[in-house]
Structures are given as structure tokens and as C-alpha cells.
Amino acid sequence: MMVDCPAGVTMKCRALCKGGPRISEVGFGAGPLRGLDWGPVNDETSVRAVHRALDAGVTHFDTADAYGNGHSERVLGRALEGRRARVVLATKGGWWYVDGAPFCDFSTIYLIRALQASLRCLRTDYIDLYYIHDPDTETIRRGGIFECLTRMKEAGTIRLAGVSIDTAEQGRLCIESGCVDVIQVYYSILDQRPDPVLFEAARDAGVGTVIKAPLARGLLSGKYRKDARFPSGDFREDWRMTGRLQRALDQVARVEALVGGRSPSLAHTALRFVLSHPDVSCVIPGAKTPEQAEANAAASAMGSLDEADVAALKTLYREMAGPIDAR
């Protein structure tokens with residue numbers, strides 16, 4: 001992996017992990033390219049979004065086979081055709097949907113087959129970073145996923161091994177395995193659970209930390225309102241109907257009152273907060289339009305938030321009633 005950040009752009013770069021490549025500190029989360037529960041999506045627009053991100057200096061792209069049962073991977077593979085060598089490409093395996101219902105399988109035979117399918121969808125013969133996708137704690141404890149990742153690395157089909165996790169305990173178990181190069185974890189203004197214990201453990205072990213849902217699945221974009229309505233099947237409509245959206249937006253309003261004018265948008269402030277942490281390797285906000293991709297990338301040039309603002313946001317988080325679950 002000889003990828004590095006391109007010259008002539010304002011994107012900053014960081015090491016992905018100990019001994020790993022340097023990548024853009026703002027990556028591209030391709031989850032929204034699946035459509036479905038993320039609302040309507042146009043594949044041509046998605047391709048243009050990927051190209052706009054590349055032009056802005058983004059070199060890290062993240063997807064998963066479960067995102068639209070391969071749809072996100074296929075769109076991303078098409079968009080990166082002819083440009084594959086310029087990026088560090090990550091995908092995940094372990095989940096799938098059958099008749100709209102999710103199921104998981106973390107057996108070695110399933111994951112190897114899933115990896116082969118991802119290679120075809122992404123039009124590549126290797127994956128730079130392959131994650132086991134949100135395994136439960138007991139699966140992590142059993143350790144079979146680590147043996148599987150090691151086997152994939154030895155075969156040359158993946159270069160780096162990772163696990164996408166939910167809790168600090170899961171992260172600790174992955175780090176202690178000695179088989180993981182990168183963990184992917186939730187971290188945002190509204191969910192600061194990894195800081196400091198998990199981040200410190202990862203840093204000490206040379207394990208990279210890639211941040212998923214830094215905008216709390218759009219809650220920190222500044223565009224949601226309590227009276228918003230979403231299409232049937234959109235996860236945000238489920239949040240609204242259960243009152244979860246209203247409770248979350250009450251917390252967002254407190255964030256806006258505290259640091260609302262620090263950046264051109266609340267989303268930029270949210271990304272800058274995450275990037276202010278020195279143990280973060282990369283942040284992967286989602287995007288499905290060129291405008292969103294360009295706006296996300298622009299956060300890098302704005303630099304970290306002032307230390308006083310970071311401290312104030314950490315204090316506010318401690319005062320609020322627990323983290324917002326961005327799943």
C-alpha cells in the first residue's frame with residue numbers, strides 16, 4: 001500500500017495504524033450509497049460524489065457488503081475504476097439481508113466467501129482493510145474471527161485486518177488479540193464513550209482508530225427538525241415515531257447553543273471535534289452527493305477546534321443523559 005495524500009490539496013493526512021499507510025484524515029463513508037433505509041439515492045450522483053471526494057484529497061473509502069446487499073460496493077467499485085491504486089479501500093463482512101431481515105454469520109467459511117464476493121463487487125483483487133462487521137462480544141471472545149483475518153492476510157486478499165465494534169470491552173478484546181490493525185468505533189460529540197480508555201489502549205498497541213457515525217447518523221448535520229417527516233422504511237422516521245429523534249435533537253440544540261458559530265456548519269464543528277483527538281486515525285462521515293462529499297472534506301482544512309471548545313463539549317457530554325446511540 002503505497003497510497004499517500006495527494007499534493008496540491010488542503011486535506012491533512014494521518015497514519016492509519018502502526019506500520020500502515022498515511023491516509024486522508026477525512027474519509028468517505030459509503031453506507032448512504034445503498035439507499036434503502038438511508039432514503040432515495042441515484043447511482044450516477046453517487047459516482048460523482050466519489051469523484052468529488054477524490055478531487056478534494058480523500059484517499060480512504062469505507063463500505064460493507066451488507067450496505068444494500070452489495071449495492072454500495074458495486075457503486076463504489078464502479079466509481080473507483082481506474083483510480084483504485086490511489087485509495088485505501090475498506091469493506092466489511094459478517095452481515096446480510098434476506099427478504100429484508102438481517103442475519104449474521106461470523107464463521108470462517110462464510111467470511112471467506114463474503115470476501116470473495118466483495119472483491120468482485122469492488123472490482124479489485126485485494127482489500128486494503130477488511131473488517132469483521134459488528135460481531136457480538138461472545139464471538140469476539142471465541143477468537144475464530146482473528147484466525148480468519150490472519151488467514152486472509154496470509155492469502156494476500158487483505159492487507160490489514162480490522163473489527164468494527166460497538167463497545168469499549170469489544171475494542172479491548174480486539175486489541176488484546178494482537179491480530180487486529182484497526183478498530184472502527186462510534187465517537188462523536190453525542191457519544192464520547194471511547195475516550196480516553198479505549199483510545200489510549202489502541203494508541204499504546206499501535207492499533208488505528210477509524211471513527212464511524214461522527215455526525216451521529218446525521219443528527220449533527222444541523223438539518224433535522226422535530227417536525228421532519230421521512231419516507232416509510234427510513235430509519236429516521238422510526239426514530240421520529242418512537243420519540244428518539246426528539247430527544248436527540250434536544251441534545252443537539254444544547255450543542256448548537258454552545259459552539260454553534262465555530263464553523264460554517266454544525267457538521268463541520270462535529271467533524272473538527274472528532275479530528276481534535278490525536279488518537280483518531282480517520283473519520284468517515286457518510287455522503288451520497290458531490291456537495292456532501294466536498295463539504296465533509298473541507299473540515300480538514302479548518303483545523304482542530306480550540307482546546308476550550310473541546311473541553312466545553314466534553315463537559316456538556318458528561319451533563320447529558322448518556323450517549324446517543326447512532327446505530
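Aspartate 279 is buried, with a relative accessible area of 14%. In this predicted model, its side chain meets that of arginine 203 in a salt bridge, at 3.2 Å from N to O. The count of salt bridges comes to 16, and the points below describe three of them with the accessibility of each partner.

**Aspartate 279 and arginine 203**
- This pair links distant parts of the chain, 76 residues apart: aspartate 279 lies in the loop between α10 (266-275) and β12 (282-283), and arginine 203 lies in helix α7 (residues 197-205).
- Arginine 203 is partly exposed, its relative accessible area being 45%.
- A network of salt bridges links Arg203, Asp204 and Asp279.

**Aspartate 181 and lysine 153**
- The closest N and O atoms of the salt bridge between aspartate 181 and lysine 153 are 3.0 Å apart.
- The two residues are 28 residues apart and link distant parts of the chain, with aspartate 181 in the loop between α6 and β10 (182-186) and lysine 153 in helix α5 (residues 144-155).
- Aspartate 181 has a relative accessible area of 17% and is therefore buried, the cut-off being under 20%.
- Lysine 153 counts as partly exposed, at 31% relative accessibility.

**Glutamate 169 and arginine 141**
- Glutamate 169 and arginine 141 form a salt bridge in which the closest N and O atoms are 2.2 Å apart.
- Distant parts of the chain are linked by this pair, 28 residues apart: helix α6 (residues 168-177) holds glutamate 169, and helix α4 (residues 137-142) holds arginine 141.
- Glutamate 169 is partly exposed at 32% relative accessibility, and arginine 141 is partly exposed with a relative accessible area of 46%.

Note on methods. Residues are numbered from 1 along each chain as its sequence is written. This is a predicted model: local features need pLDDT of at least 70, side-chain atom pairs count only at pLDDT 80 or more; totals for chains, interfaces and linings use all residues. Side-chain values use heavy atoms; hydrogens and water are left out. A salt bridge is a side-chain nitrogen of Lys or Arg within 4 Å of a carboxyl oxygen of Asp or Glu. Helices (H or I, at least four residues) and strands (E, at least two) are DSSP runs, numbered from the N terminus. Buried means under 20% relative accessible area, exposed over 50%, partly exposed in between (1.4 Å probe, protein chains only).
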